[in-house]
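Biologist: Can you walk me through this one? I'd like to start with a helix and then move on to charged pairs.

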Amino acid sequence: MPYLPCNGIDLYYEQLGIGSPVLFLHSGFSRGLLAFASQILDFQTSYACYYPDFRGHGRTRSDSLEWSTPQHAEDMIAFLDQLDIPNVHLIGYGMGGGVALYCALNHPERIASLTSIGQCGFVASAGSEEFEPERLLQTNNAAFIQSMEERHRDAHRGDWQTFLRTKLKDWRSYPQLTDDQLRAIRCPSLFIAGELDELAPEADMKRVTALIPDSRYVVVPGGSHRPHMNREQPVFVNDTILQFIADHS
């Protein structure tokens, strides 16, 4: 699939399906198609689905290893500009949910609807210390280190430690949205989280949906931080999102 010159980077993306555009925004440790493998078949029959790799991730190439959630949001708007897509349904997972919120806040005319999985719009960095490069080396977590090297080799050129330090800085900093900013988001918004997701507890979903006017939340019974993925409840999550998008198309 193609690379697209965009905001000073060579942005890699996959595109599958035909119909109204849906932009999938991956999580911090992941990349486009990998984060949404369980959504591909259900969504591509009705929608043109775009799966980009963010700056600093996957196969996207940049001279700089720096990135942040707000920067990803501006990259995604530039990506839509390059493809001449006037507005889009957003589906974000983890960090991608934060990216979606920044897009909806700063570019409301471009967003038809917003779905956030495992991200309520508030900083939730519990457990981030486990991913410090020094901790990973001390605990000899070779499997995770190898996965970071392999998933993002084109982006970080083998510098997995800088990638992780940048990830942790972003995780502990964003999204930084005030209550007034959340109230200003006007697109239909759906928040989904697993019942056991400590990073997106139901109390936070209640709080964010009380602030965003046209919003609601769904708790996935027995789900973790990744309720949309294989071995969890992708059918339930897919059906919920597909109905939500259909209701707001």
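Modeller: Keep in mind that this is a predicted model. In helix H6, residues 142-151, the buried residues are Phe144, Ile145, Ser147 and Met148.

Biologist: Where do the buried residues of H6 fall, seen down the axis?

Modeller: They fall within an arc of 160 degrees, so they line one face of the helix.

Biologist: And what do the buried residues of H6 pack against?

Modeller: Helix H5 (133-138), helix H7 (153-156) and helix H8 (160-171).

Biologist: New topic. How many salt bridges does the structure hold?

Modeller: There are 8. One of them joins the side chains of Asp75 and Arg55, at 2.9 Å from N to O. That pair links distant parts of the chain, with Asp75 in helix H3 (residues 69-82) and Arg55 in the loop between strand S4 (47-52) and H3, 20 residues apart.

Biologist: Are Asp75 and Arg55 buried or exposed?

Modeller: Both Asp75 and Arg55 are buried.

Biologist: What about Arg165, which residue does it form a salt bridge with?

Modeller: Glu134, with the closest N and O atoms 2.5 Å apart. Arg165 is in helix H8 and Glu134 in helix H5, so the pair ties together parts 31 residues apart in sequence. Arg165 is partly exposed, at 38% relative accessibility, and Glu134 is partly exposed too, at 39%.

Biologist: Where do Asp180 and Arg183 lie?

Modeller: Both are in helix H9 (residues 179-183), 3 residues apart, which is about one turn of the helix. Asp180 is exposed, with a relative accessible area of 57%, whereas Arg183 is partly exposed at 38%.

Definitions and conventions: Residues numbered from 1 in each chain as written. Predicted model: local features only at pLDDT ≥ 70, side-chain atom pairs only at ≥ 80, totals over all residues. Heavy atoms only, no water. Buried < 20%, exposed > 50% of the residue type's maximum accessible area, 1.4 Å probe, protein only. Helix = DSSP H or I, 4+ residues; strand = E, 2+ residues; numbered from the N terminus. Arc of directions from axis to C-beta. Contact = heavy atoms within 4.5 Å. Salt bridge = Lys/Arg side-chain N within 4 Å of Asp/Glu carboxyl O.
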